Amino acid sequence: FCVTPYVLPTPQRKSSAVAVSSRHIVENPNSSTRTVPNISDEIIVINKESTAEALIALSSGFPADSLTEEEIDAGVVPVVGGIEQVNYILIRNHIIAKWRENVSNWITKEMFIDEIPKHGHTLLDSAYNYLVSHGYINFGVAPAIKEKSPAEPSKANVIVIGAGLAGLAAARQLMRFGYKVTILEGRKRAGGRVYTKKMEGGNRVCAAADLGGSVLTGTLGNPLGIMARQLGYQLHKVRDKCPLYSLDGSPVDHDMDMKVETAFNRLLDKASKLRQLMGEVSVDVSLGAALETFRQVYGDAVNAEEMNLFNWHLANLEYANAELLSKLSLAFWDQDDPYDMGGDHCFLPGGNGRLVQALAENVPISYEKTVHTIRYGSDGVQVIAGSQVFEADMALCTVPLGVLKSGSIKFIPELPQRKLDGIKRLGFGLLNKVAMLFPHVFWGTDLDTFGHLCDEPSRRGEFFLFYSYGTVAGGPLLIALVAGEAAHKWGGDPFSLGSYSNVAVGASGDDYDILAESVGDGRLFFAGEATTRRYPATMHGAFLSGLREAANMANYSNARALRTKVDRSPSKNAHSCASLLADLFREPDLEFGSFSVIFARKNADPKSSAILRVTFSEPRKKSHEGSKQDQQHSNKLLFQQLQSHFNQQQQIRIALKSSIISGKFSEKLNEINLLENHRDTKLENGSGFGVPELNSEVELEGMDLCDC
């Protein structure tokens, strides 16, 4: 933030927005009449601020005109695309904007009833429930929000490992959902890598020093900025002015400074073009190698002073990524740039420990509990710290990536190889700070940062940048940053083993998603800054990952509770009825895929009663890697699905009129019969067209269970 931002352009992503008109009128050129569709086919008009509200939603991580993958997975609209999606987005954006007007209030669904047309109330339910359950609104520490937590838990037990921002955010959200939560923390304090230390000197001089995370990077949608508003804390904007000083303390010549900075940014542009030309090969090339090659070729920074300036910019880049440039991926080192929150970079006067203190209030935390073993299985989890064993239905692991890399926590069974590989690929670097308390401010109060040059490349990151905390810490405090090679003398904290994550050579943004995946069929979950590809290496990224996993844990828990309810032993009469139905469906009149039908006997009336059995399989575990491919089913796979029966499935039988088997449903039955006849004919002719092998000439175009 103290120099021109280093941004490499990334490929543009195609928007999934669907263009629609605000009203559709179908005209028949051969008729004088016009057909006006149902009012539900119209775009809802809430107010005239839809553009402004879209921008507010954008700052919360939502596309302005499309759905996120998470919304699609949650099924917020029946069909992706079309008028309903547009109306859902308008309602979603409006709810977010309404809460942002006063983040200390708890907004209810009823506040929007009069604003949303009646035909949009179903979408209102969907949008409101999604935003609340996933922590996009009504989160934080305002009294009106805290009072929504139940006095006593009514749901499953949860263990959270780590009392950093991710763990605290998840714990508070789960407690509000009604879960019984216990946090196990290895340190003697909460906050993890966010730590404000009170420093004291002579003559009653004191200051609050942020030794961990310190800068709120972007405040437009930053949840920590929202928390600061709830607590009534004013933020201090970090000013752009950042003078540089030579080894002897003299200011660097302004023209030379601008010349080297321009040359440095030009090299970054060339590196960007290089990775575009290299394609996938750039995954195995480091950013440092590309920059050094271009520097030598183009002869930038020719004299000693210019070279010192050039090395300062390299150190600043290593600080931003907490890693040596020689280890950063040329292809993906800046993959999170498109998701920048926007807005000012700020300090919180008094330190970020104030936010930690507010989050930890009334949250059950057991300190000095160093976890060394986590067992997980279908029946729950066991977390072992020292000689103590803690049991729960679910656990959330929020330990830093450095701890996962070290192997100090044993997982039983071992984590999937996919996750182990992701842990290995991602980088986890170092940034260190030296806090210095002086008798008085001798450096002036008109700036928040200034830089210092070094004449040794291996020490270029040693005290290269200073934060002036004199205006926000309550005393004359300077904090010097130590990055790059110089930082590697300080990496021994056993509870973090580093500072924050980065995309190393061979890694990509996908690895953040892999680290976020749960294991053990919804028993063990993961959160922290290294589990969010959008906001890695940030405090708000850690916080948001905790809210994300609280929603995921609640979804799995609710699904299990529903299955348990269905699986309860039926009464004697119910058991007899179930046995009778089971006997009836041994030879159904019609059967395909998950559907079996028994028609009324000796009755040719098409509207006579029938019994339809629909068999539901276990919920599929989400796989990020295959999420896109799952949206497109091949004909062969679909035909196999329609012909297959699975063991250990729950069966729901519904008595209903056979008249439902009409329209598209009956059309599909006809298609199935045609296919069956086609298959039998092929078999008789000796062509070998058997069940799982479906010839490419036979198409199941448009076949979808939703059509039924």
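**The cores**

Select Y88, I91, I95, I137 and Y179: these residues have the most contacts inside the largest nonpolar core, a set of 70 residues. A nonpolar core here is a set of buried Ala, Val, Leu, Ile, Met, Phe, Trp, Tyr and Cys residues joined through side-chain atoms within 4.5 Å. Buried means under 20% relative accessible area, exposed over 50%, and partly exposed in between, with a 1.4 Å probe and protein chains only. Colour α6 next: this helix gives the most to the core, with eight residues. Helices (H or I, at least four residues) and strands (E, at least two) are DSSP runs, numbered from the N terminus.

The model is predicted: local features need pLDDT of at least 70, side-chain atom pairs count only at pLDDT 80 or more, and totals for chains, interfaces and linings use all residues. Residues are numbered from 1 along each chain as its sequence is written, and side-chain values use heavy atoms, with hydrogens and water left out.

Stay on Y179 and show its surroundings. Leaving aside residues up to four places away in sequence, Y179 touches P153, K155, A156, V158, L174, M394, M553, A554, S557 and N558. Contact means heavy atoms within 4.5 Å.

Now select L291, L314, L328 and L481. They are among the members of a second, separate core, which has 43 residues.

**Helix α4**

Go to residues 121–133. This is α4, with 13 residues. From its first C-alpha to its last the helix reaches 18 Å, close to the 18 Å expected at 1.5 Å a residue. The expected span is 1.5 Å times one less than the number of residues.

Show the side chains of L123, L124, S126, A127, Y128, Y130, L131 and V132: these α4 residues are buried. What covers them? Display α2 (69–74), α3 (83–101) and α6 (165–177), which are included in the cover. Then step past the end of the helix to G135, where phi is positive, near 75 degrees.

**The four-strand sheet**

Switch to cartoon and find β14-β13-β12-β16. In that order, these four strands form an open sheet with mixed pairing. β14 (388–392) and β16 (410–412) are the edges; each has a single partner strand, so one side of each is left without a neighbour in the sheet. Neighbouring strands are turned by 15 degrees against each other on average, direction ignored. Axes are lines fitted to C-alpha atoms, for helices over the stretch in contact, and angles run from 0 to 180 degrees between N-to-C directions.

Zoom in on β12 (371–377) and β13 (380–385). They pair in the antiparallel sense over six bridges. Two strands count as paired if DSSP finds at least two bridges between them. The two strands form a hairpin with two residues between them. Select Y376 and its bridge partner V381 in β13. Then select V371, whose bridge partner in β13 is A385. How much of β13 is buried? Five of its six residues are, and the strand is mostly covered.

Carry on from β13 to β14. Five bridges join these antiparallel strands. A385 turns up again here, with Q388 as its bridge partner in β14. This hairpin also has two residues between the strands, and G386 takes a positive phi near 65 degrees.

**The five-strand sheet**

Find β9-β19-β20-β21-β18, the order of an open sheet of five strands with mixed pairing. At its edges are β9 (244–245) and β18 (432–437), each pairing on one side only. Inside it, β19 (449–452) and β20 (462–468) are antiparallel over three bridges. Select T449 to find its bridge partner in β20, Y467.

**Backbone stops**

Most residues other than glycine have a negative phi, and most peptide bonds are trans.

- I412 and P413 are joined by a cis peptide bond, with omega about -5 degrees. P413 lies in the loop between β16 and α13 (417–425).
- E368 has a positive phi of about 55 degrees although it is not a glycine. Look for E368 in the loop between β11 (365–366) and β12. At 53% relative accessibility, E368 counts as exposed.
- A537 has a positive phi near 60 degrees, again in a residue other than glycine. A537 sits in the loop between β23 (524–526) and α15 (539–567). At 28% relative accessibility, A537 counts as partly exposed.
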